[in-house]
Amino acid sequence: MEGRLANSWRLTVNDKNFIKTALLSEIRIDGRKPFEYRKISIKFGREDGSSEVQLGQTRVMGMVTAQLVQPYRDRPKEGILSIFTEFSPMADPSFEPGRPGELAVELGRIIDRGLRESRAVDTESLCILASKFVWAIRIDLHILDNGGNLVDAANIAALAALLTFRRPECSLGGEDGQEVIVHPPEIREPLPLTVHHLPIAISFGFFSNESILVIDPTHNEEAVMGGRMTTTVNANGDICAIQKSGGEGVPQRVIMQCLQLATSKAASITKQIKDAVEVVNTERALRKVKRHPTSTGVDVREKQN
Amino acid sequence: MENKQSSSPASFVDSTVVPGDVVLDLSSMTSQTIKLGGGLRQDCDAISAMKAGTLRFSKPNKYWIESSQKRYVPCVEDTILGIVVDSKADNFLIDIKGPAMGFLPVLAFEGGTRRNIPKFEVGTLLYLRVVKANFGMNPELSCTDASGKAAEFGPLKDGYMFETSTGLSRKLLSSPTCPVLEALGKKLSFEIAVGLNGRVWVNAASPDTIVVVANAIMNSESLSGAQQIIMVDHLLKNIQ
């Protein structure tokens, strides 16, 4: 028991009081204002569909893979979208390996609801042969470092990975057109997924004195705050989902204020994701061009000699 | 092997060593007493490094290895910041960011008797001294200095505590004063307690002073002296 006690992160009484008093003067411990978001950096891996998002100290890695499976019986013409979260013990001393805890399941549900209910990903285009073969898209989110506000970072990682994922092209063949031939990427160019809009999750923290509201709470603020709410909105102003998980009650006007703040932040975050994806796509296209050189390059060094 | 044993100890001082490097050969220095600090181990005549870091030497005869980690390994006579986790009949259990909990005896206070045992709630921050630190045992702590006086040890009220690496704590405590603290001290007034276990506590009259000092110190780890002063000036201009 003692060994486990020795390794957890603790918050002192001094810190709890300080975070609350500082918020009364609208100061947060990392120097941000209450409605300021942390810097987001989005990076991509070599494979299609892998992304790494850093939101301040929080780091999340997203990975998208696809497999051909039989569809669900009640939805024979739709593909399947599933989200798996892994809370690595290196992210936080309280994360245990093995079964996902409450927080992991909640995070998965929020992101899942944001993508599925709002129909952000077009699942009908994933159907190859009705009732027989559809693509099952699997999004794996690995939490690498917990610096607070995992939901937002994981959501951005999932969206970035979905936008850069390419699935193999396949066509029907065989004697009666019932066989599916999956073309390897060298023969036929893999296709991107159809994503209609980007639902962005924005999290808020509520503090007990005089309903103080902050956006994008850090790890320390999460330990002190009295309630949290995550709103998933997109750049068009549609509200995709709202999740308020426990904590104290908030009046209606505070929720409306949160939604308005979220919509304005969502626009800038959507732009950032799209720009980053654009850069990566251009880079990948250039790399593909170099793969089949039609002319040999000239070695400049020979000329100098 | 012959070459290694005949190399002079001066060649390793202030350079990076890794565990296993033989940094000193005692057979060539017969009539001297050498004091070994952290990270060094004696195997008969050879002194070898146990930690990765820089070998340091201070006259007349002290050698030690300096490295910066996030973990803390308790050493005797270190001053540290601990957080109360639990209180038992004889000891308080204190979290000191080390491999094991520290024990603070309930009587280890100035004028402490069984009648006036202090009551600390869970989460109280204390400034403590390490009395005993042996491998495998829980370190023993105290709220008095070696002669039994209180000497600023004990609970810290208000303020804000943040965590750093052990190397940064040592830099903050070094003399002459670390450039970042000097630059901050010229413009702001604040109170600071630095624990060698990688914890720093700051207190000031207004919350934004505390936030500026905390962020300045956290950012100063990888900067050189001049860069630290520039960084502090930049931060202070942004407030005013």
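Me: How many helices and strands does the secondary structure of chain B come to?

Reply: Helices (H or I, at least four residues) and strands (E, at least two) are DSSP runs, numbered from the N terminus. Chain B has five helices and 16 strands. Please keep in mind that this is a predicted model, where local features need pLDDT of at least 70, side-chain atom pairs count only at pLDDT 80 or more, and totals for chains, interfaces and linings use all residues. Residues are numbered from 1 along each chain as its sequence is written, chains are lettered from A and ligands numbered from 1 in the order in which they are written, and side-chain values use heavy atoms, with hydrogens and water left out.

Me: What percentage of the residues of chain B count as buried?

Reply: Buried means under 20% relative accessible area (1.4 Å probe, protein chains only). In chain B, 42% of the 240 residues are buried.

Me: And which residues touch the most other members of the largest nonpolar core?

Reply: A nonpolar core is a set of buried Ala, Val, Leu, Ile, Met, Phe, Trp, Tyr and Cys residues joined through side-chain atoms within 4.5 Å. Here the largest has 62 residues, and Ile42(A), Leu115(A), Ile139(A), Leu141(A) and Ile273(A) touch the most other members. Helix α4 of chain A (residues 150–164) gives the most to this core, with 11 residues. Another core, of 36 residues, lies apart from it, and its members include Leu23(A), Cys178(B), Ala183(B) and Ala214(B).

Me: How far apart are the mean positions of the positive and negative charges of chain B?

Reply: Lys and Arg count as positive, Asp and Glu as negative, while His and the chain ends are not counted. Each charge is placed at NZ of Lys, CZ of Arg, CG of Asp or CD of Glu. For the 24 positive and 24 negative charges of chain B, the mean positions are 1 Å apart.

Me: How big is the box that the C-alpha atoms of chain B fill?

Reply: Taken along the principal axes, the box is roughly 60 × 50 × 25 Å.

Key
Buried means under 20% relative accessible area, exposed over 50%, partly exposed in between (1.4 Å probe, protein chains only).
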